[in-house]
Amino acid sequence: GYPVGFKAPPSYTGLREDEYYLYNHLKFTISYLEDPSQFDGVRITGFDVHPVSIEHKVETDTVTSATKISTCNADGALEV
């Protein structure tokens with residue numbers, strides 16, 4: 001499993017009380033082995049999931065499936 005969020009103490013947020021954050025994206029890392037002398041194709045040797053949060057920039061008040069989000073593109077979400 002992986003964490004779905006974290007609890008931020010006042011020293012992190014500057015607020016008076018703890019605040020809770022949820023991760024809104026996942027990054028996947030797949031490790032594999034390719035050895036044509038031993039086998040055909042590739043073998044997956046590892047799989048990691050890294051939760052991250054992305055602060056998206058939306059230039060409209062109404063979000064629909066057609067809304068363009070400048071922090072997400074064909075290459076994926078941009079880290080902030």
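## A salt bridge, some rings and a greasy patch

K7 and D18 form a salt bridge, and their closest N and O atoms are 3.6 Å apart. Here K7 sits in strand β1 and D18 in the loop between α1 (10–13) and β2, so the pair ties together parts that are eleven residues apart in sequence. The term salt bridge stands for a side-chain nitrogen of Lys or Arg within 4 Å of a carboxyl oxygen of Asp or Glu. Side chains of opposite charge can pair when their charged atoms come close. How many salt bridges does a search of the whole structure find? The search finds one.

A quick word on where this comes from: the model is predicted, with local features needing pLDDT of at least 70 and side-chain atom pairs counting only at pLDDT 80 or more, while totals for chains, interfaces and linings use all residues. Residues are numbered from 1 along each chain as its sequence is written, and side-chain values use heavy atoms, with hydrogens and water left out.

**The chain as a whole**

Let's step back. The chain has one helix and six strands, and from the N terminus on the order is β-α-β-β-β-β-β. The radius of gyration is 19 Å, well over the 12 Å that the globule rule gives for 80 residues, so the chain is more spread out than a compact globule. (That radius is taken over C-alpha atoms, and the globule rule is 2.2 Å times the number of residues to the power 0.38.) Along its principal axes, the C-alpha trace spans about 60 × 35 × 20 Å. Helices (H or I, at least four residues) and strands (E, at least two) are DSSP runs, numbered from the N terminus.

How much of the chain is buried? Buried residues make up 8% of the 80 residues. Buried means under 20% relative accessible area, exposed means over 50%, and partly exposed is in between (1.4 Å probe, protein chains only).

F6 and V42, 36 residues apart along the chain, have C-alpha atoms separated by 36 Å. For Q38 and H25, 13 residues apart along the chain, the separation is 37 Å. D48 and G1 are 47 residues apart along the chain, and their C-alpha atoms are separated by 9.7 Å. As for where these sit, Q38 is in the loop between β3 and β4, while D48 is in strand β4.

**Rings that meet**

Now for the aromatics. Rings of Phe, Tyr and Trp (its six-membered ring) pair if their centres lie within 6.5 Å; planes under 30 degrees apart count as stacked, over 60 as edge-to-face and the rest as tilted. By this rule there are five aromatic pairs. One of them joins F6 and Y12, with ring centres 5.9 Å apart and planes at 90 degrees, so the pair is edge-to-face. F6 also pairs with Y23, this time tilted: 5.8 Å centre to centre and 35 degrees between the planes. F6 lies in strand β1 (residues 5–8) and Y23 in the loop between β2 (19–22) and β3 (25–33), so this pair ties together parts that are 17 residues apart in sequence. Put together, ring pairs link F6, Y12, Y21 and Y23 into a cluster.

Here is how open some of the residues in this story are:

| Residue | Relative accessibility | Class |
|---|---|---|
| F6 | 29% | partly exposed |
| Y12 | 56% | exposed |
| Y23 | 27% | partly exposed |
| K7 | 48% | partly exposed |
| D18 | 36% | partly exposed |
| Q38 | 59% | exposed |
| D48 | 40% | partly exposed |

**The greasy patch**

Which residues form the nonpolar patch on the surface? They are Y2, V4, L22, L26, F28, I30, Y32, V42, I44 and F47, with about 1,100 Å² of accessible area together. Patches are made of residues with over 30% relative accessible area and no salt bridge; like charges are joined within 9 Å, nonpolar side chains (Val, Leu, Ile, Met, Phe, Trp, Tyr) within 5 Å. The areas come from the Shrake-Rupley method with a 1.4 Å probe, and for residues only the protein chains shown count as cover.

The elements that give two or more residues to the patch are β3 and β4 (43–52), and β3 gives the most, with four. Y32 lies in strand β3 and is exposed, with a relative accessible area of 53%.
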